[in-house]
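Welcome! Let us walk through this protein together, one part at a time.

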Amino acid sequence: MAATKKEATAVDFDKIKSTMSDPYKTPLQIVDENAKIVNQKLFDNFSDDQLVDFMKKMVWERALHEQTMNFSRQGRLGFYAPTEGEEASEMGSISAMSSNDYLFPAYRDLPQLIQHGASVKQGFLWSKGNAVGNDYGDTRAWMPQIIIGAQYVETAGAALGIKKNGDKDTVAFTYTGDGGTSQGDFYEGMNFASSFQAPALFFVQNNGWAISVPRKTQTGAETLAQKAVAMGIPSIQVDGMDILAVYQATKEARDYVTAGNGPVMLETLTYRYGAHSSAGDDPSRYRTKEEEQPWFDRDPLIRLRKILTDKKLWSQEQEDKLVEEYKDSFKQEMKDAEATPKQTVTEMLKTTFEVPTPNIKKQIAEFEAKESK
């Protein structure tokens with residue numbers, strides 16, 4: 001019997017699948033998990049003052065998290081999404097942005113929102129559901145988005161507006177988590193921004209978990225950075241526990257975007273130490289201590305603290321004093337937040353439309369009568 005002739009093939013799909021993530025899976029790093037400088041040239045970009053400032057900001061965020069969790073346990077706040085473990089990703093990125101830029105935060109991005117110009121008091125009021133917590137005055141920021149991924153669409157629209165206005169030194173930027181990359185808004189927002197070459201900077205804080213769903217089961221993509229490729233957007237992975245690497249990548253990305261080259265997406269590899277939110281999920285039900293420990297060992301504060309201590313720029317006494325000062329200030333901000341009057345139903349109705357509809361006019365009259373008693 002004659003041997004069957006092997007049919008010629010045109011495409012090696014296995015090879016394509018095994019290599020398509022290669023350009024995106026070598027995270028940018030300047031200081032490794034052992035506090036060893038692995039890129040001296042990039043490290044030398046930073047002055048001692050900058051290094052100390054980065055440390056102060058991460059200590060500030062860690063203290064804010066700890067005090068906010070205390071307030072939550074006391075029943076003095078509503079929804080809060082813990083940020084412990086993500087300090088380098090959040091403070092490194094926001095430090096490279098300009099006050100000219102428009103921030104579209106998600107619910108885990110209160111620290112960036114505050115650093116961008118909002119007050120801690122407003123962050124607390126937002127958590128408490130007080131409308132005053134959404135009024136940022138001249139600060140170029142939108143209120144934190146609860147709908148997963150929706151801020152990507154908002155950012156794309158704002159970025160197009162920036163382009164149409166001819167503003168050459170402004171970008172719209174936003175954050176989502178790894179779970180957000182599974183949402184349609186994530187793709188739609190980036191595709192829109194790419195199609196119009198709008199000045200947008202997209203951050204994906206890959207903290208390993210979408211509530212209890214692990215990153216590995218959310219998508220077949222080996223990296224999240226590569227998801228931007230289909231939209232024609234350049235992207236990289238960054239060690240999200242290395243504040244210097246996050247800052248450097250963000251600075252260069254912003255420079256690229258403001259030069260008129262269209263949007264960029266950065267995936268920061270970080271970890272959510274605690275629960276998804278203060279609402280009560282228990283991480284021990286879906287994570288093991290063996291999985292968590294390597295991330296605790298990579299703690300961004302420990303990493304930079306060692307660098308600064310070796311350079312004799314930092315001490316534990318200095319840090320302890322800062323933490324105390326920060327927490328005292330947060331306690332005062334909470335007192336101010338709790339003293340802020342709640343919005344009445346009438347006030348809410350009057351601001352629903354610029355010109356109230358006949359039905360709302362009737363409701364305003366009804367509630368004014370009730371509230372005047």
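Into which domains is the protein divided? There is domain 1 (13-342) and domain 2 (343-372), with bounds that come from an automatic or database domain assignment. Taken over C-alpha atoms, the centres of domain 1 and domain 2 are separated by 38 Å. Before going on, please note that this is a predicted model, where local features need pLDDT of at least 70, side-chain atom pairs count only at pLDDT 80 or more, and totals for chains, interfaces and linings use all residues. Residues are numbered from 1 along each chain as its sequence is written, and side-chain values use heavy atoms, leaving out hydrogens and water.

Now look at helix 7 (residues 150-165) and helix 8 (residues 184-195), whose axes come within 7 Å and cross at roughly 15 degrees. Helices here are DSSP runs (H or I, at least four residues), numbered from the N terminus; axes are lines fitted to C-alpha atoms over the stretch in contact, and angles run from 0 to 180 degrees between N-to-C directions. Helix 7 and helix 8 are therefore roughly parallel to each other, a term for angles under 35 degrees. Contact (heavy atoms within 4.5 Å) is made by residues including Val 153 and Leu 160 of helix 7 and Phe 186 and Met 190 of helix 8.

A second pair is helix 4 (residues 87-94) and helix 10 (residues 243-261), with axes that come within 8 Å and cross at roughly 35 degrees. Among the residues making this contact are Met 91 of helix 4 and Tyr 247 of helix 10.

Note on methods:
Helix = DSSP H or I, 4+ residues; strand = E, 2+ residues; numbered from the N terminus. Parallel < 35°, antiparallel > 145°, perpendicular 65-115°, else oblique.
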